[in-house]
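Subject: Structure handover

Hello,

Here is the structure I promised to pass on. Please open it first, then read my notes alongside.

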Amino acid sequence: MSTNPEAGSGTDPGPSPVLSVRDLRVRIGQSSILQGVGFDVAPTGTTALLGRNGVGKTTTVRAVLGLLPEGGEVTGGTVRLDGADVTGHRTHTVVRRGVGYVPEDRGVFGSLTVAENLALAERGSGPHHYDLVHDLFPELKTRRGQRAGTLSGGQQQMVALARALLNDNRLVIVDEPTKGLAPRVVTEVAEVLRRAAERVPVLLVEQNLAVVRRLARDAVVLDAGRTVHTGDAAALLTDRELTTSLLGVGRHERPGQAGGQPGEQSGEQSGEQGQREHATKETTP
Ligand SMILES: Nc1ncnc2c1ncn2[C@@H]1O[C@H](COP(=O)(O)OP(=O)(O)OP(=O)(O)O)[C@@H](O)[C@H]1O
């Protein structure tokens, strides 16, 4: 384990990272939002980006993707994809280099069918991996004519991930895929992510620690716009002192307080049984 923000994942340098972020600094308006974010994403498996609410996780992935809101800019640091400097590059450039993105709201068009959602995601002349997508998510084939808005939360997440996997991506970034989902759907989404990560490395922003425990090999923790820890995910999640100090797990806080960690209690329980049910209602399959 490491608390060095500039360190990669673990002590063994291993294979070259697919994504390498160093000392990333971002300002939005007058506020310094990121003040030194650094981590590597390994070329296989899932790397979890963790931290309490508002510490800068979404800003980090949006900075990598060139998707900062108006008034936002990268003021320092570097972002490398497969070794190539893409710091501050426009979104289409980053995406063309092979980065798929599943935003927090999933980006699925509810009034369009599953097939139309996939067709719209096709990038350039391909190749487009329909075989892979249908192999991973056979349900999307049988439901190809169904309007995406009528699917369950888990099925919509399948569509969102399928859109990212359809193209030849080197990395898929998934932002809070289980937020607002009922426990049963969380389990379904976690399984979808597990299958996806067998094919392409995933950078996963996730607050549900049971999901992190199940999926992630590496973990990066942010606090107040900086990387405060990188290392083995399982080791982090079994270290009570670290999860308390870095993630606020186990602290007694009122709901909605800044240090709160959705799903925190799940780290202490088996499977997805202990997950906190989020407020948003979802249709289940
Ligand atoms: N468009 C914006 N304008 C001003 N401040 C912003 C904007 N977007 C985010 N911020 C601020 O940047 C900080 C980091 O937000 P960010 O969404 O990156 O955190 P996060 O770790 O993803 O949080 P959460 O888990 O709640 O999604 C917060 O203080 C937030 O208020």
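Below is what I found, going from the whole protein to single residues.

Please keep in mind that this is a predicted model.

Overall picture
The protein has 285 residues, and 46% of them count as buried. Its secondary structure comes to 10 helices and 10 strands. Look at contacts between residues at least 6 apart in sequence: 72% of these join residues at least 24 apart.

Around the ligand
The ligand is surrounded by 13 residues. The closest are Asn 53, Lys 57, Thr 58, Thr 59 and Pro 69. Two elements give two or more residues each to this shell: strand 2 (31–41) and helix 1 (57–64). Helix 1 supplies the largest share, with 3 residues. By class, the shell holds 8 polar, 4 nonpolar and 1 charged residues.

A helix pair
Two packed helices are described by the angle between their axes and the distance between the axes. For helix 3 (residues 114–121) and helix 6 (residues 153–165), the angle is about 30° and the axes are 8 Å apart. Angles under 35 degrees count as roughly parallel, so helix 3 and helix 6 are roughly parallel to each other. Helix 3 passes helix 6 in a right-handed crossing. Which residues of helix 3 and helix 6 meet? Helix 3 brings Val 114, Asn 117, Leu 118 and Ala 121. Helix 6 brings Val 159, Ala 162 and Arg 163. This contact has 5 nonpolar, 1 polar and 1 charged residues.

Three loop residues
Gln 30 sits in the loop between strand 1 (19–28) and strand 2.

Most residues other than glycine have a negative phi. Arg 106 is not a glycine, yet has a positive phi of about 75°. Find Arg 106 in the loop between strand 6 (99–102) and helix 3. Is Arg 106 buried or exposed? Arg 106 counts as buried, because 20 C-beta neighbours lie inside 10 Å.

Ala 224 also has a positive phi, near 45°. Ala 224 lies in the loop between strand 9 (216–223) and strand 10 (226–232). With 15 other C-beta atoms within 10 Å, Ala 224 is partly exposed.

Best wishes

Technical notes:
Residues are numbered from 1 along each chain as its sequence is written. This is a predicted model: local features need pLDDT of at least 70, side-chain atom pairs count only at pLDDT 80 or more; totals for chains, interfaces and linings use all residues. Helices (H or I, at least four residues) and strands (E, at least two) are DSSP runs, numbered from the N terminus. A residue is buried if 20 or more other C-beta atoms lie within 10 Å of its own, exposed if 12 or fewer, and partly exposed in between; C-beta atoms are placed from the backbone. Two residues are in contact if their C-beta atoms, placed from the backbone, lie within 7 Å. A residue is near a molecule or strand if its C-beta atom, placed from the backbone, lies within 6 Å of it. Ala, Val, Leu, Ile, Met, Phe, Trp, Tyr, Cys and Pro count as nonpolar, Asp, Glu, Lys and Arg as charged, and the others, Gly among them, as polar. Axes are lines fitted to C-alpha atoms, for helices over the stretch in contact, and angles run from 0 to 180 degrees between N-to-C directions. Angles under 35 degrees count as roughly parallel, over 145 as roughly antiparallel, 65 to 115 as roughly perpendicular and the rest as oblique. A crossing is left-handed if the near helix is turned anticlockwise from the far one by less than a right angle, and right-handed if clockwise.
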